[in-house]
Amino acid sequence: MTTLKNPARRSFLKSSAAAGGALVIGVALPLRFREAHAASESAVNAWVRIGGDNSVTILCARSEMGQGVAMALPTLVAEELEVDLGKVKVEFAPPGEAYINSMLGAQLTGGSTSVRDGWEKMRVAGAQARTMLVAAAADKWGVDAAKCHAKNGMVMGPGGKKATYGSLAEAASKLTPPKEVALKDPSKWRYAGKPLKRLDTAAKIHGKAEYGIDVRLPGMLFASLAQCPVIGGKVVNVDDAKAKAMPGVKHVVKITDGVAVVADSWWQARQARDALNITWDEGPNKALNSEAVFKTLAAGLSKPGATIKKQGDVAAAMGAAAKKVEATYEMPFLSHSPLEPMNFTADVRKDSAMLIGSIQFQQLAMGMATQITGLKPEQITIKTTFLGGGFGRRIDCDYMAQAVEISKAIGAPVKLVWTREDDMTHDFYRPASLTQMNGALDASGRPTALSLKMSSTSVTARLIPPLVKDGVDPLMTEAILVPYDIANQSVGTVINETGLRVGYLRSVSHALNVFANESFMDEMAAAAGKDPYQFRLSLLDKQPRFANVLKLAAQKAGWGKPLPKGRARGIALMEGYETYMAQVVEASAEGGKIKVHRVVVAVDLGRMVNPNIVQQQLEGNIIFGMQASLYGNITLKDGRVEQQNFNTYQLPRIPETPKIEMHIVKSNEKPGGIGEPGMALFSPALANALFALTGKRQRKMPFSLA
Amino acid sequence: MASLNVNGKALEVNADPNTPLLWVLRDTLGMTGTKFGCGAQLCGACTVHLDGQPVRSCGTPLSAALGKKVTTIEGVGATPAGKKVQAAWAALDVPQCGYCQSGQIMSASALLASKPNPSDADIDAAMAGNICRCGTYPRIRAAIHKAAKGA
């Protein structure tokens with residue numbers, strides 16, 4: 001997701017029910033941090049709790065799905081709080097007003113916003129708590145707070161006075177938080193900016209990290225849900241006689257999305273689910289297939305759509321062109337496929353409810369829970385566990401709503417677990433898209449015109465409809481404008497519903513638009529008879545951050561230097577989430593198989609909280625981009641998603657891993673996001689390498705040598 | 001009631017002998033470190049050892065585990081290879097979301113127990129059955145080499 005220029009909070013609050021499972025999210029979030037902790041601890045503010053035993057708990061209000069927020073955000077708090085980061089306990093925050101992501105206007109993890117939103121906020125939170133602890137010590141000693149300072153969990157005062165945070169926390173928590181606090185100069189940082197190891201690693205390598213699927217409540221039952229094979233279909237009739245007679249089965253419950261079997265163990269529930277005999281009304285999409293989807297998208301290309309940019313006179317420049325270039329790029333639906341299948345635990349009672357699991361969008365979860373249970377937000381507890389991958393899938397709350405409905409119906413705590421097949425066939429898929437591009441070159445080979453028209457489906461129109469204005473979905477137009485100096489430009493989008501429900505997937509529309517733009521720039525360079533690196537660089541005089549990473553990647557990759565026979569390089573460039581990145585991919589195509597040998601990444605993301613996590617994200621994004629480039633292709637037949645598991649929806653495996661070299665620009669610019677852009681950029685860089693290798697353009701994903 | 005040896009302890013389990021070992025570990029015994037990923041032996045998230053050999057517990061019925069020594073992520077640190085692997089995983093900060101890492105560590109530990117100094121080709125062969133959606137493969141490979149050198 002992108003940064004929304006105007007905080008969209010009001011829009012979120014007004015958002016109401018729409019197709020595909022979106023629910024009212026217009027809930028005010030309670031400010032409940034003061035009561036949500038043990039009596040032995042004091043909440044100094046919304047982010048910091050200190051125990052009488054000097055234990056320090058820092059709340060993390062973003063979901064940890066691998067991207068390292070549960071390290072990065074507490075690092076910023078601890079930096080200013082003056083505590084030993086290695087001893088800090090990190091806890092995921094409940095829904096609360098204080099925890100809203102200001103960049104997205106809701107309590108939501110996405111859009112590579114966590115560090116950008118928290119960069120100052122988290123340091124201020126730490127500094128505020130520290131200032132209160134110092135003030136509490138000064139009060140206790142009857143001295144001027146200016147004569148005291150904090151270090152390593154202690155406050156030091158005049159004449160060798162010392163007090164631990166633990167002894168001051170309760171008094172500090174009763175003080176009025178200071179309005180303004182001074183932040184450390186970056187040169188004094190102990191933790192921020194350093195390549196520290198993550199605090200969650202130990203739990204994750206010993207099998208001790210709790211994911212949603214690991215939750216267990218006293219008296220909890222297990223559920224497996226039969227959903228219509230055509231998404232959106234409804235139950236007409238169910239014969240559950242056989243299922244009910246199976247061992248361990250306690251309940252068979254009809255809910256909005258299907259029929260759930262509840263049993264003493266999940267395996268029993270799942271076996272019995274498969275014994276249900278359900279008649280479905282498959283609904284309006286029962287005959288939907290992939291050909292029809294792409295016909296709809298192709299028809300969209302001839303609709304007027306919305307204008308994103310109009311500069312100069314494209315038609316005139318096309319008329320005067322020495323050479324014209326034309327191409328259409330096609331992207332399929334993709335599945336998120338986090339390795340932890342969708343699952344959720346709910347305990348709905350008459351006057352309270354507990355929801356626990358892998359959640360990306362706590363505010364939506366709260367809205368859903370109030371709607372289904374009829375309870376008030378104050379009566380609902382929502383706990384976020386570690387997420388076994390999210391990638392945008394856990395922004396939606398369909399699986400949570402199902403667990404809440406089941407628990408409400410049976411009056412007992414229940415854990416719903418989907419199978420992998422359920423997960424792959426009932427995703428909110430990354431939208432398929434078609435992008436038509438036209439360009440003009442003058443006699444010297446310089447581009448004089450560029451036009452782009454993109455036809456795709458809007459996730460935002462389903463999930464947050466008020467954000468779509470005048471036919472423009474801001475999350476469909478990310479990186480749609482090229483940084484290159486081209487005099488005449490026309491850029492537009494057309495929103496088309498295709499029938500299959502869609503969701504935000506890592507890098508969202510950056511992946512669609514960067515693939516089209518950077519593939520097309522390569523095609524223009526080839527038509528101009530120019531080197532694709534030099535061609536791009538010649539158009540970046542006014543874009544120093546773009547030019548800088550492009551040059552760095554080319555230089556480190558040895559651009560222009562000879563390669564072993566049968567290998568070629570491709571280059572691509574983008575900005576996303578305020579991060580500037582270039583990649584050079586080296587590939588071969590032997591025996592009909594694409595092999596990626598080496599990826600050189602140059603990135604300028606401004607200041608970093610943790611370069612170790614930045615590198616993890618770059619590595620992971622390359623592999624994620626490989627999946628989309630080489631394998632990812634969700635197809636439809638008779639309304640059903642054809643891929644069921646990892647045999648037909650393949651993910652890259654260790655033998656395919658290329659050598660990844662990362663070059664990070666030292667920068668004092670404000671931080672950019674790093675969880676997503678690398679994935680988007682990999683695809684055009686590889687496509688361009690394959691063109692250099694084979695002379696054939698890869699205009700359709702996943703790529704094929706055939 | 002059957003007796004299942006898990007991480008050196010004999011545990012009484014009351015479950016249908018056809019139940020996959022994965023669900024006996026997770027639901028019956030409450031040992032949730034072993035993960036469910038695909039249920040079809042395609043992703044390796046559920047990897048455990050039976051008498052030291054890596055198996056996919058989602059496709060191994062309880063009956064096949066009776067009379068054998070089951071080792072899971074909760075206990076693999078007590079084996080020499082498992083200890084080295086976990087130390088290398090920590091030193092290189094391998095996990096991201098972490099969900100597949102139990103299975104990765106079980107496969108890597110079995111590899112090192114049988115081949116103390118594996119080549120890249122050995123690593124490819126032993127680890128190709130373990131998917132990581134976060135893409136931690138570069139660090140997994142580096143960590144196995146590091147563990148082989150004594151971490």
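A553(A) is in contact (C-beta atoms, placed from the backbone, within 7 Å) with I571(A), A582(A), Q583(A), V584(A), V600(A), V601(A) and A602(A), leaving aside its neighbours within four places in sequence. This is a predicted model, in which local features need pLDDT of at least 70 and side-chain atom pairs count only at pLDDT 80 or more, while totals for chains, interfaces and linings use all residues. Residues are numbered from 1 along each chain as its sequence is written, and chains are lettered from A and ligands numbered from 1 in the order in which they are written.

**Nonpolar core**

- A553(A) is among the residues with the most contacts inside the largest nonpolar core, together with L133(A), A223(A), V261(A), A365(A) and M400(A).
- That core has 276 residues; a nonpolar core is a set of buried Ala, Val, Leu, Ile, Met, Phe, Trp, Tyr and Cys residues joined through C-beta atoms within 7 Å.
- Helix 3 of chain A (residues 114–141) gives the most to this core, with twelve residues; helices (H or I, at least four residues) and strands (E, at least two) are DSSP runs, numbered from the N terminus.

**Domains of chain A**

- The domain assignment, with bounds from an automatic or database source, gives domain 1 (31–204), domain 2 (212–283 + 342–417) and domain 3 (290–334 + 429–694).
- The centres of domain 1 and domain 3 of chain A, taken over C-alpha atoms, are separated by 39 Å.
- Between these two domains, 18 residues of domain 1 are in contact with 18 residues of domain 3.
- On the side of domain 1 that touches domain 3, helix 2 (69–81) and helix 3 of chain A are the elements that give two or more residues, and helix 2 has the largest share, four residues.
- By class, this side of domain 1 has eight nonpolar, seven polar and three charged residues; Ala, Val, Leu, Ile, Met, Phe, Trp, Tyr, Cys and Pro count as nonpolar, Asp, Glu, Lys and Arg as charged, and the others, Gly among them, as polar.

**Contact between chains A and B**

- The contact takes 49 residues from chain A and 46 residues from chain B.
- Helix 6 of chain B gives the most to the side of chain B that touches chain A, with four residues.
- By class, that side of chain B has 24 nonpolar, 15 polar and seven charged residues.

**H251(A)**

- H251(A) lies in strand 10 of chain A (residues 249–255).
- Not counting residues up to four places away in sequence, H251(A) touches V262(A) and I410(A).
- H251(A) and I410(A) are 159 residues apart in sequence and 7.4 Å apart in space, C-alpha to C-alpha.

Note on methods
A residue is buried if 20 or more other C-beta atoms lie within 10 Å of its own, exposed if 12 or fewer, and partly exposed in between; C-beta atoms are placed from the backbone.
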